[in-house]
Amino acid sequence: MGCESTLINLHILVVDGFVPYDLAVAYQMFFVATKECEQPSYNIQFVGSQGQVQSDSFIIGNVQPLSTIGAKDTLIVPGLYTPTTYDDENVLRAIRAAYQQGSRIASICNGSLLLAKSGVLDGKRATSHWDVFSEFEQHHTAVDLLRDVLYVDEGQVITSAGLSAGQDLCLHIIKSDFGATLANKVAERFVMPLERGFSHPQLYRPVYNVLNDIQRVQLWLSHNYHKPITLAEIAEHACMTSRALTRNFNKYVGQSPMMWLRELRVQRAQILLETTTFNINVISELSGFGTVVNFRIAFKRYAGCSPTEWRCRYNNSHVL
């Protein structure tokens with residue numbers, strides 16, 4: 001869909017003790033998305049069980065009733081300072097009602113505990129901040145907890161890991177709603193990469209400068225993705241053996257270098273599909289796939305649809 005085609009009502013849940021960072025990330029990223037789109041794309045408002053909510057020295061006023069959440073709306077649930085003891089049944093009931101009517105629900109950090117307490121995560125995969133994993137194991141055994149990913153998209157329900165992973169979740173939602181071009185513009189505003197996918201590990205254990213070496217490899221790939229590149233060539237650039245490169249890449253990025261390169265190429269192709277009228281052959285070549293067959297297979301695997309379907313969904317003959 002194009003920016004001008006849809007206005008999404010986006011509600012940010014605020015309750016006493018909310019984590020200001022989580023709330024600010026959600027508000028600012030979707031606000032920037034609307035500004036970059038130059039058309040109203042998200043109608044943002046705060047919702048809760050009280051008209052005014054406070055956390056530390058932060059006060060949020062003009063909080064709308066939970067009943068304003070519509071069936072086609074999106075509800076963002078930020079983290080709390082004390083999520084394990086949270087028990088406001090009015091809020092938990094509202095989350096259940098939103099889910100049952102078809103609203104999209106996304107949590108940032110330990111906000112997923114509120115989703116678990118409401119029951120909407122039962123039988124689903126989810127993630128959260130590593131600090132509350134034991135709480136999930138003890139009290140929410142019906143949730144399939146994924147420990148080392150940045151976010152989990154189950155369709156109607158999306159959960160993210162701690163703090164900065166909320167940015168990755170918001171970018172993922174923006175990309176799903178309005179395409180890779182707008183998501184990339186928002187990422188640039190926040191000086192962050194678009195390529196940090198859901199499988200990126202939560203925790204880092206850097207040894208010497210290996211992480212920096214991997215980041216340099218990623219930067220080199222982002223400048224040369226359109227060229228034919230082999231694993232041996234990447235390893236030579238990194239001054240590592242192919243085995244060491246693959247091991248370190250998996251450790252710090254969560255996937256192999258060639259898989260990361262394929263996803264990078266698909267993401268670049270998505271932007272070309274959205275912003276140009278180039279045919280599939282040209283886009284395949286410009287994004288580094290070599291053949292149209294390879295392009296179609298990789299695109300379908302990563303994006304869940306064909307390049308033509310992506311273009312029909314997000315290209316509206318305008319440039320953002």
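By about how many helical turns are Tyr27 and Phe31 separated in helix H1 (residues 20-37)? Tyr27 and Phe31 are four residues apart in H1, so about one helical turn separates them. Helices (H or I, at least four residues) and strands (E, at least two) are DSSP runs numbered from the N terminus.

The model is a predicted one, in which local features need pLDDT of at least 70 and side-chain atom pairs count only at pLDDT 80 or more, while totals for chains, interfaces and linings use all residues. Residues are numbered from 1 along each chain as its sequence is written, and side-chain values use heavy atoms, with hydrogens and water left out.

The structure holds nine aromatic pairs. Rings of Phe, Tyr and Trp (its six-membered ring) pair if their centres lie within 6.5 Å; planes under 30 degrees apart count as stacked, over 60 as edge-to-face and the rest as tilted. The ring centres of Tyr27 and Phe31 are 5.9 Å apart and the ring planes stand at 10°, so this pair is stacked. Tyr27 is partly exposed, at 31% relative accessibility, and Phe31 is partly exposed with a relative accessible area of 31%. Here buried means under 20% relative accessible area, exposed over 50%, and partly exposed in between (1.4 Å probe, protein chains only).

Phe299 and Trp310 form an edge-to-face pair, with 6.0 Å from centre to centre and 80° between the planes. Phe299 belongs to helix H12 and Trp310 to helix H13, so the pair ties together parts that are 11 residues apart in sequence. Both Phe299 and Trp310 are buried. Ring pairs also link Phe289, Phe295, Phe299, Trp310 and Tyr314 into a cluster.

Two packed helices are described by the angle between their axes and the distance between the axes. Axes are lines fitted to C-alpha atoms, for helices over the stretch in contact, and angles run from 0 to 180 degrees between N-to-C directions. H12 (residues 292-303) and H13 (residues 307-314) pack at about 55°, with their axes 9 Å apart. H12 and H13 are therefore oblique to each other; angles under 35 degrees count as roughly parallel, over 145 as roughly antiparallel, 65 to 115 as roughly perpendicular and the rest as oblique. On the H12 side, Phe295, Arg296, Phe299 and Ala303 meet Pro307, Thr308 and Trp310 of H13, where contact means heavy atoms within 4.5 Å. By class, this contact has five nonpolar, one polar and one charged residues. Ala, Val, Leu, Ile, Met, Phe, Trp, Tyr, Cys and Pro count as nonpolar, Asp, Glu, Lys and Arg as charged, and the others, Gly among them, as polar.

Attention now turns to single residues. Thr159 lies in strand E11 (residues 157-160) and is buried, with a relative accessible area of 1%. A polar atom of the Thr159 side chain lies 3.0 Å from the backbone nitrogen of Thr127. Apart from neighbours within four places in sequence, Thr159 is in contact with residues including Ser107, Leu121, Thr127, Tyr151 and Leu169.

His172 is placed in helix H5 (residues 165-178). The side chains of His172 and Asp153 are joined by a polar contact of 2.6 Å. Such a contact is a pair of N or O atoms within 3.5 Å; within protein, one must be able to donate a hydrogen and the other to accept it, and residues adjacent in sequence count only if both atoms are side-chain atoms. Leaving aside neighbours within four places in sequence, His172 is in contact with Tyr151 and Asp153.

Asn62 is found in the loop between strands E4 (58-60) and E5 and is exposed, at 63% relative accessibility. Cys109 is located in the loop between strand E7 (104-107) and helix H3 (112-118) and is buried, with a relative accessible area of 5%.
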